[in-house]
Amino acid sequence: MSSKHLPLWEVFIRSRRGLDHKHIGSLHAADAAQAMQSARDTYTRRQEGVSIWVVRSSDIHASQFEDDSAFFDPAADKVYRHPTFYDVPEELKL
Amino acid sequence: MNVAHFEYVQRLGDNALILGQRLSEWCGHSPFLEEDIAMANTALDLIGRARMLYAHAAALEGQGRDEDALAYGRDERQFGNFLICELPNGDYACTLIRQYLVDVYHHALYSTLCGSSDAGLAAIAGKAVKECAYHLRRSGDWVVRLGDGTAESHARCQAALDEVWAYTAEMFNGDAIDDAMAAAGIGVAPGSLAAAWRDEVEAQLALATLSVPRDDWSASGGRQGLHTEHMGRLLAELQFVQRAYPGQKW
């Protein structure tokens, strides 16, 4: 058995029509076709989904932990960005 | 009771159970995790199919037996599965080559059985044909990956193909039960599936750069309960608990 791993893929499943695809896990596969089959067998065997996306993990660019303070902290004190400062007319059904 | 009808459905169940039992031996031992789950899924599909077919056969028989009685309460000579289903798994290439050859057969068989005049059997076939389509996609894919893969995977596939090829002819050589069921519109004449099977398999083997073995000999006897030396050991493992503790429940 080879000790070299096949490429890693991220799996996204849409559980019902009308919902978004959600990240559900990852797996190793040689190519997209195999990743799709393995995703079907690994993640939808209990009727979890109606649609599958697979993406090579290396194609995902993730924000870095060390950027957290610059990226996310500044939003913490800007409550006015939340749409809670409007008076909504009675007639408007939300 | 129509004995041929019962036997025909029971044999379909035997093929599903014995191949499912073989595939389940890979559980926890497959080459990598994703494949382990996929192989176990296929095994469970087959065992689930066996349950439905046995339950249907037992109802046709009407003697008070159930699916467990048919699976656990019969001896080797009473099983009518093809020899190819009981062959040891060999290496992973061998398991997948065998699976592919049987999947092509099962896909065509259950597609046709969807039109059976036995409504119960047609309903089971309707479920089975979807599973078969997926099994075939998977095993056909692997045949090409491994056949047209490395020098070693190619050599292992060719060796496996040469080993199991002689056991494929049996699938198409029906007996009086098959003939009677085909005539009644309940079953399929196995010989009628042979030409399309051969065309499909040869095309896939060409993609996989594998050579079609020569048809110089073939094994048979499964339908009549004349099995290989491997069958007894398989049944011993399959039936042990019910033999040791008859009627035991979880």
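**Figure 1. Packing of helices H1 and H2 of chain B in the predicted model.** The axes of H1(B) (residues 3-24) and H2(B) (residues 33-61) come within 7 Å and cross at roughly 160 degrees. Axes are lines fitted to C-alpha atoms over the stretch in contact, with angles from 0 to 180 degrees between N-to-C directions. The angle makes H1(B) roughly antiparallel to H2(B) (over 145 degrees). Helices are DSSP runs of H or I with at least four residues, strands runs of E with at least two, numbered from the N terminus. Their contact involves 17 nonpolar, seven polar and two charged residues. Nonpolar covers Ala, Val, Leu, Ile, Met, Phe, Trp, Tyr, Cys and Pro; charged covers Asp, Glu, Lys and Arg; the others, Gly among them, are polar.

**Figure 2. The contact between chains A and B.** Chain A gives ten residues and chain B eight; residues are in contact if their C-beta atoms, placed from the backbone, lie within 7 Å. On chain A, strand S2 (21-28) and helix H1 (32-43) each supply at least two residues. H1(A) has the largest share, five residues. This side of chain A holds four nonpolar, four polar and two charged residues.

**Figure 3. The fold of chain B.** Chain B has ten helices and zero strands. Its C-alpha trace spans about 55 × 40 × 30 Å along the principal axes.

**Conventions.** Residues are numbered from 1 along each chain as its sequence is written, chains are lettered from A and ligands numbered from 1 in the order written. In this predicted model, local features need pLDDT of at least 70 and side-chain atom pairs pLDDT 80 or more, while totals for chains, interfaces and linings use all residues.

Methods. Two residues are in contact if their C-beta atoms, placed from the backbone, lie within 7 Å. Angles under 35 degrees count as roughly parallel, over 145 as roughly antiparallel, 65 to 115 as roughly perpendicular and the rest as oblique.
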